[in-house]
Structures are given as C-alpha cells and as structure tokens.
Amino acid sequence: MVIKNSLHVSCWNINGFKLKGYNKYSDSDFISEFNKKDIFCLLETHCSLEDALEIPDFKAVHLIRPMSARTRKRSGGISVYVRSTLRPGIKFLKHKTNDYIWLKLCKQFFGLPEDLYLCFLYNPPANSTYSQSLTYDILEYVENDIVSYSKLGKILIAGDVNARTGSKQLDFIQNDILDTHISSLFEEYNPDFDIPVRHSQDSILSTRGKTLNDLCVQTGIRILNDQLDNLREENPKSYWTLLESLKNSDKKTEKSSNITSTEWAEYFKDLNKKPVTPSPNIIEFLRNLENAKVFTELDILITDKEISDAIHTLKNKKSCGPDSISNEMIKNSQSFLIKSLNHVFNKILSTGNYPQIWANGFITALFKNGSKDDPSNYRGLTVTSCLSKTFSLPKVFNVFRGLGLRHLIVTDDKLTPLGMITRKDLAKFRAGTKRGLVKIEHLKIEDN
C-alpha cells in the first residue's frame with residue numbers, strides 16, 4: 001500500500017541537548033523545526049535515555065553512549081524519529097555499535113522500484129578519547145553493511161563522518177566507462193560514470209578522508225555535499241531547479257485553480273479601486289509644503305558616482321520587468337550608459353515625472369491557503385523594472401531624490417491617511433549591521 005510518494009529526511013548534529021543551562025529540547029522553536037519532516041536524526045545528543053526527546057506522532061529510537069568514567073559526562077548519542085503513519089513501511093535493522101543505525105524503507109509501502117537502506121552515522125573525531133579507545137573501525141562496519149545491503153536495494157548515508165576528504169579528490173573511477181575490457185569479462189559490472197570533480201573549500205586530505213574516498217570508489221556511493229555546493233556557485237539556476245524538484249512531489253498532484261486570466265486581471269484591478277478620501281487638512285498641509293523651501297540641499301543633482309554605487313549593489317539572476325532590462329545588462333553597460341542614466345534620473349528629480357513603465361510590473365499569484373478557486377486566497381508578487389529597484393533603508397532616501405518626491409503619505413490597512421514621511425525624516429536615520437543585528441541610528445540634523 002502506497003500512502004506517500006515523497007519523503008522529507010533530515011540529519012542534524014545538535015552538539016548536545018544542553019548548553020550552559022540552555023535546554024534545546026524545551027525550546028518550542030527547536031521542536032517546531034521537525035513538524036514538516038518525515039524522518040529525522042539528531043546526532044551528538046549527549047543525553048541519557050531518561051533525558052531523550054520524545055515527540056508526539058513520531059516513533060523514536062535512541063542510541064545512548066555510556067557515560068565517561070573520567071569526566072562523568074556523556075558524549076555522542078543518536079536519536080532517530082520516524083513519523084508514526086510511516087512506521088509500518090520502515091524497519092530498524094540490527095547494528096553492531098551505537099555509533100550508527102540502518103533503516104529499511106520497504107519498496108511496496110513507498111512505491112519504490114527497490115528497497116532503500118538508510119544509514120544515520122556519527123563517527124567521532126579521530127583524535128578524540130572515545131575514538132582512540134575503540135577496538136574496531138566504525139567505517140569498516142558500515143562498509144561491510146553497504147556491501148550486503150547494496151545487493152538488496154539502494155543505499156543512502158547521512159550523518160557526520162568527521163573526515164576531511166580534500167579538494168579535487170576523486171570518489172569514483174575516472175574514465176571507467178571507457179574501459180571495455182572489464183565489462184567484457186564481468187557481465188554484471190556497472191562502470192562509474194564521470195561526474196564533476198568535487199571542489200571542497202577544505203583542501204586538506206586526512207587519513208580518514210582518504211579512507212572515505214576509497215570506500216566510495218569500492219562501493220559505488222558518492223559524496224553529495226560539495227557537489228551541491230559546486231552547483232550552487234557555478235550554476236545557481238540549476239541548483240534551485242534541483243532543490244525545487246526534490247520538494248514534496250505530492251503537491252504536483254494537487255488540483256490547480258480554475259481562475260481565468262480575465263478574473264485575475266479584474267481582481268488585481270479592483271484592489272486599487274478602493275475609495276480614498278484624504279483629510280482636507282492633510283491636503284492643505286501638503287500644498288503649503290510644496291511651496292516651502294525645506295532642506296533644499298537634498299535637491300542637488302545626482303552624481304555619476306551615486307549611480308555607479310547603486311549599480312554595484314544589483315544582483316545577478318534576478319527577473320526583469322516589462323522593459324526587459326536585466327541587472328546584468330545594466331552592470332555590463334554602465335561604462336557608456338551611466339551618462340544617459342544620470343540625465344534620466346536628474347530629469348525625474350527636476351520635473352517630478354516618474355516613467356510609467358517603471359510603475360508597471362508582472363504579477364505572480366502566490367497561493368496562501370483556502371480554496372484555490374478564490375483569487376483573494378493569493379498574494380500578488382510584482383516584478384518591476386530593475387532600474388526602479390532599490391535595496392535597504394539607506395537607499396530609500398535615494399529613491400526620494402531620484403523620483404523627485406518630497407513626501408510619502410502613510411496610510412493604515414483601510415488606506416486612511418495617517419501622516420507622511422519626508423526626505424528630511426529619512427535623512428535623520430542611518431542603518432547598519434553589527435554581529436548580525438540591524439542597528440538604526442537617529443542622527444541630529446540642524447538647519448544653518
């Protein structure tokens with residue numbers, strides 16, 4: 001019986017369930033991380049069986065390492081959790097030590113072509129007291145199991161091996177598919193296909209890392225960590241496409257909406273038809289402010305350097321708006337385009353006329369919840385012109401300057417005017433980050 005055609009599997013080294021009095025197991029945010037997972041493993045739990053975490057709707061198996069006789073503390077430890085509804089299709093297999101555990105995912109239950117053998121492993125650092133006290137090699141045990149289980153199904157290993165596998169080290173036999181002599185002698189021989197060489201940020205190859213690379217060559221398994229890192233750096237689009245394809249494929253079978261393009265257009269048009277009746281006092285105040293000379297030093301012309309600095313902040317691989325001008329086009333043509341941009345921006349500043357095409361955008365409807373046939377259950381995401389995009393609080397001030405705006409009306413959810421923000425208001429603040437925290441500083445500005 002197939003009840004699920006995709007799984008969310010996770011493995012997390014938590015480095016102890018307690019840290020300086022902080023108990024991770026009692027943190028609701030920590031527990032909530034597992035709500036959407038089907039199978040997950042916690043490594044280095046450092047807990048006893050009495051302290052082990054139990055989560056409703058999950059079957060848990062805890063591998064507890066004995067307490068150290070010298071320090072009277074616990075190290076290592078593995079806890080594996082399986083969603084209760086999936087338990088009938090998963091079998092926990094025997095293991096020789098508490099440093100790893102195998103799970104068998106039955107092909108009949110999950111609709112797989114073969115059984116899947118999943119191993120969660122924690123191999124402590126080679127120089128640790130625990131490792132030096134062992135009379136066996138954990139990786140050797142795992143390798144023997146791989147040889148046995150690979151004849152019965154597919155193999156997947158997740159965990160912390162504490163092995164430095166180096167950069168550009170091969171975990172497969174290069175040009176193996178070109179060697180026709182072996183395939184002619186052994187009919188069941190499956191040659192290795194060449195894959196991109198891993199470019200790890202850690203160039204050191206340790207003894208255990210070499211052992212792991214050799215294990216991959218001998219058993220035909222592959223190290224995925226740096227393969228994904230390479231793909232993310234070299235081809236971000238393919239990386240995110242791959243991750244999207246690995247998401248819960250159950251969503252692909254869900255019913256799509258029956259909303260027509262005309263209904264979409266009318267819905268988003270109506271969002272801007274809500275009547276707005278500004279207070280007469282605010283209108284009179286704004287008219288007087290237009291004629292006042294307030295903080296006129298902000299009206300100086302935009303410089304080439306300001307435009308160049310803004311261009312350098314643009315990110316690649318971003319969608320462009322209706323004008324079809326991408327960030328890459330702007331960045332690669334700034335040397336001869338910057339004078340034209342300077343003219344356009346300062347023209348906007350002096351006339352107050354904002355290009356209509358910059359106010360247009362492509363709307364993508366993102367489903368929130370409820371019925372998929374109700375447009376109000378979607379949030380509109382608008383992609384506008386790259387030239388009109390800005391990032392972060394400090395650049396909001398440049399928006400005011402670039403668009404020739406003196407003030408911006410602030411409204412509530414019902415579009416009732418509450419007040420306004422001026423360029424002078426924005427000039428009073430400076431934003432920055434320190435140790436991962438955003439800091440907004442209020443500056444004192446005096447008119448001479």
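Mentor: Helices (H or I, at least four residues) and strands (E, at least two) are DSSP runs, numbered from the N terminus. Asp57 lies between two such runs, in the loop between β4 and β5. This is a predicted model: local features need pLDDT of at least 70, side-chain atom pairs count only at pLDDT 80 or more, and totals for chains, interfaces and linings use all residues. Residues are numbered from 1 along each chain as its sequence is written, and side-chain values use heavy atoms, with hydrogens and water left out.

Trainee: What makes the phi of Asp57 worth a mention?

Mentor: Phi of Asp57 is positive, about 70 degrees, although Asp57 is not a glycine. Most residues other than glycine have a negative phi. His46 is also a non-glycine with a positive phi, near 55 degrees. His46 is found in the loop between β4 (39-43) and β5 (58-63).

Trainee: Is Asp57 called buried or exposed, and why?

Mentor: Exposed means over 50% relative accessible area, buried under 20%, partly exposed in between (1.4 Å probe, protein chains only). Asp57 has 57%, so it is exposed.

Trainee: Which class does Asn327 fall in, and why?

Mentor: Asn327 has 1% relative accessibility, so it counts as buried. Asn327 lies in helix α12 (residues 327-332).

Trainee: What makes Arg83 and Asp38 a salt bridge?

Mentor: The rule asks for a side-chain nitrogen of Lys or Arg within 4 Å of a carboxyl oxygen of Asp or Glu. The side chains of Arg83 and Asp38 meet at 3.5 Å, N to O, so the pair qualifies. Arg83 lies in strand β6 (residues 78-83) and Asp38 in the loop between α1 (28-32) and β4, so the pair ties together parts that are 45 residues apart in sequence. Arg83 and Asp38 are buried.

Trainee: How do you know that Asp304 and Lys339 form one?

Mentor: By the N to O distance of their side chains, 2.7 Å. Asp304 lies in helix α11 (residues 304-312) and Lys339 in helix α13 (residues 334-351), so parts 35 residues apart in sequence are tied together. At 23% relative accessibility Asp304 counts as partly exposed. Lys339, at 57%, counts as exposed.

Trainee: What joins Asp115 to Lys104?

Mentor: A salt bridge between their side chains, 3.7 Å from N to O. Asp115 lies in strand β9 and Lys104 in strand β8, so the bridge ties parts that are eleven residues apart in sequence. Asp115 has a relative accessible area of 11%, so it is buried.

Trainee: How many salt bridges does the whole structure hold?

Mentor: A search finds six.
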